[in-house]
Amino acid sequence: MAEYKKIESALIHGGIYGDKRTGAVNVPIFQTSTFEQLELGKHTGYEYSRTGNPTREALEALIAELEKGKAGFAFGSGMAAITAVLSLFHTGDRIIISQNVYGGTFRVLDKVFDHFGIGYSIENTGDTEELEKKITDDVKAIMIESPANPLLSVTDIEKVAEIAHSHGLLTIVDNTFMTPYLQRPIELGADIVVHSATKYLGGHSDVVAGLVVVKTDELAEKIAFIQNSTGGVLGPFDSFLLIRGIKTLGVRMDRHVENAVKIAAFLENHEAFRKVYYPGSKDFPGRDIQFKQAKNGGAMISFELKENYCHKKFIDSLKLIALAESLGGVESLICHPSTMTHASIPEDIRQAVGITDGLIRLSPGIEDADDLIEDISQALENAG
């Protein structure tokens with residue numbers, strides 16, 4: 001087994017490395033639905049690919065190691081991963097979620113799990129004193145994003161975990177925006193980490209996937225049962241693509257963040273912007289907490305144009321930056337949360353938490369930062 005201390009090496013050598021039988025440096029794609037058994041009641045460790053597949057197993061071992069968890073689980077999408085986690089709860093349970101949370105998370109709680117009598121409440125998880133006052137007997141978990149989507153508000157993960165554990169609750173953290181390269185919630189006390197691996201972990205906008213990492217053997221047993229029972233597993237080829245993407249996560253994230261810092265500075269010093277949201281900025285609320293629990297401010301930026309600039313014309317005028325759902329790919333992507341990623345959240349709730357119609361979210365890719373800034377500049381000229 002390779003010896004290493006740093007996460008940059010773990011990204012490449014972690015989990016199950018290569019193939020011992022052939023010497024291949026990459027885990028093979030075991031593109032099979034079933035496995036021949038040795039005899040009745042005796043098999044090689046694999047029976048059916050929904051229950052377990054060697055390629056998926058390598059990915060699951062890798063993400064567990066990177067997040068410093070007990071076990072990892074790979075699903076067909078980020079929402080499949082979140083659905084599996086929410087399936088831990090029972091009728092009458094309530095889950096506290098962050099104020100600005102991914103629209104899909106809100107939708108599945110509001111429109112699907114509501115049918116099973118599992119409730120939710122939206123709270124400002126950044127205010128831990130007030131958060132603790134919201135905990136009642138029916139609350140069984142606190143589910144947070146930090147930084148949150150799309151306003152990038154920061155929650156003190158360690159403090160929330162302390163509060164949750166003092167009340168016997170689970171702490172669930174969506175770590176999609178940070179990845180384990182920049183932030184490891186289990187080390188901060190979280191019980192469960194979820195990822196839309198479609199984003200930075202895959203990194204190339206060519207795979208849809210979700211990952212879950214748990215802290216304890218008990219949770220691992222429960223999620224494994226849910227994964228096998230409900231069947232929303234990630235296929236072997238997509239598992240292979242995700243392992244490949246994770247190998248370059250460190251160098252990609254360094255470039256994503258470098259570009260985000262340059263672009264955020266440009267936006268903050270330009271007269272066209274009413275507000276810029278970037279956790280790495282020196283005046284950003286929660287910056288101190290962000291840098292206490294993460295390596296840096298991450299790579300996501302949101303902003304609002306001033307009233308004399310038309311956000312539609314601005315978006316339509318971009319030439320290099322693509323208007324598209326998702327984030328975290330090597331190419332820069334921009335979206336309009338109120339009509340795209342967060343359209344499923346009712347307007348009154350969106351407005352109340354600050355997701356305005358003028359809010360724009362930018363995921364800087366790994367292109368040249370000056371080219372990206374030039375694209376933003378020319379779009380502003382057309383929008384003003």
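This is a predicted model: local features need pLDDT of at least 70, side-chain atom pairs count only at pLDDT 80 or more; totals for chains, interfaces and linings use all residues.
User: Why is A294 called buried?

Analyst: A294 has a relative accessibility of 10%. Buried means under 20%. Therefore A294 counts as buried.

User: Where is A294, and what is it in contact with?

Analyst: A294 sits in the loop between α11 (287-293) and β9 (301-305). Leaving aside neighbours within four places in sequence, A294 is in contact with M178, L182 and Q183. Contact here means heavy atoms within 4.5 Å.

User: What makes D174 buried?

Analyst: Its relative accessible area is 11%. The cut-off for buried is under 20%. So D174 is buried. D174 belongs to strand β5. Setting aside neighbours within four places in sequence, D174 is in contact with I82, I144, E145, S146 and V194.

User: How far apart are the C-alpha atoms of D174 and I192?

Analyst: They are separated by 8.6 Å. Along the chain, D174 and I192 are 18 residues apart.

User: Why is S205 called partly exposed?

Analyst: S205 has 44% relative accessibility. Buried is under 20%, exposed is over 50%, and partly exposed lies in between. So S205 counts as partly exposed. The place of S205 is in the loop between β6 and β7.

User: What follows α8?

Analyst: G231, whose phi is positive, near 80°.

User: How do you know that the length of α8 agrees with its number of residues?

Analyst: Helix α8 (residues 217-230) has 14 residues. The expected span is 1.5 Å times one less than the number of residues. For α8 this should be 20 Å, and its end C-alpha atoms are 20 Å apart, so the two agree.

User: Why do the buried residues of α8 line one face?

Analyst: The buried residues are L219, A220, I223, I226 and Q227. Seen down the axis of α8, they fall within an arc of 130°, so they line one face of the helix. The face turned away from this buried side carries the exposed residues D217, E218, E221 and F225.

User: What covers the buried residues of α8?

Analyst: The cover includes α2, β1 (71-75), α3 (78-86), β5 (170-174), β6 (192-196) and β7 (210-214).

User: What makes α2 largely enclosed?

Analyst: Of its 13 residues, 10 are buried, so α2 is largely enclosed by the rest of the structure. Among the buried ones are P54, E60, I63 and A64.

User: How do you know that the span of α2 agrees with its residue count?

Analyst: At 1.5 Å a residue, 13 residues should span 18 Å. The end C-alpha atoms of α2 are 18 Å apart, which agrees.

User: How do α2 and α9 cross?

Analyst: The axes of α2 (residues 54-66) and α9 (residues 236-247) come within 8 Å and cross at roughly 35°. The crossing is left-handed. On the α2 side, the contact is made by T55, R56, A58, L59, L62 and L66. On the α9 side, P236, S239, F240, L242, I243 and I246 take part. By class, the contact has nine nonpolar, two polar and one charged residues.

User: Which peptide bonds are cis?

Analyst: Among them is the bond from S146 to P147, with omega near -5°. Another joins N149 and P150, with omega about 10°. Most peptide bonds are trans. P147 is in the loop between β4 (139-145) and α6 (157-166). P150 is in the loop between β4 and α6.

Conventions. Residues are numbered from 1 along each chain as its sequence is written. Side-chain values use heavy atoms; hydrogens and water are left out. Axes are lines fitted to C-alpha atoms, for helices over the stretch in contact, and angles run from 0 to 180 degrees between N-to-C directions. Helices (H or I, at least four residues) and strands (E, at least two) are DSSP runs, numbered from the N terminus. A crossing is left-handed if the near helix is turned anticlockwise from the far one by less than a right angle, and right-handed if clockwise. Ala, Val, Leu, Ile, Met, Phe, Trp, Tyr, Cys and Pro count as nonpolar, Asp, Glu, Lys and Arg as charged, and the others, Gly among them, as polar. Buried means under 20% relative accessible area, exposed over 50%, partly exposed in between (1.4 Å probe, protein chains only). The arc is that of the directions from the helix axis to the C-beta atoms.
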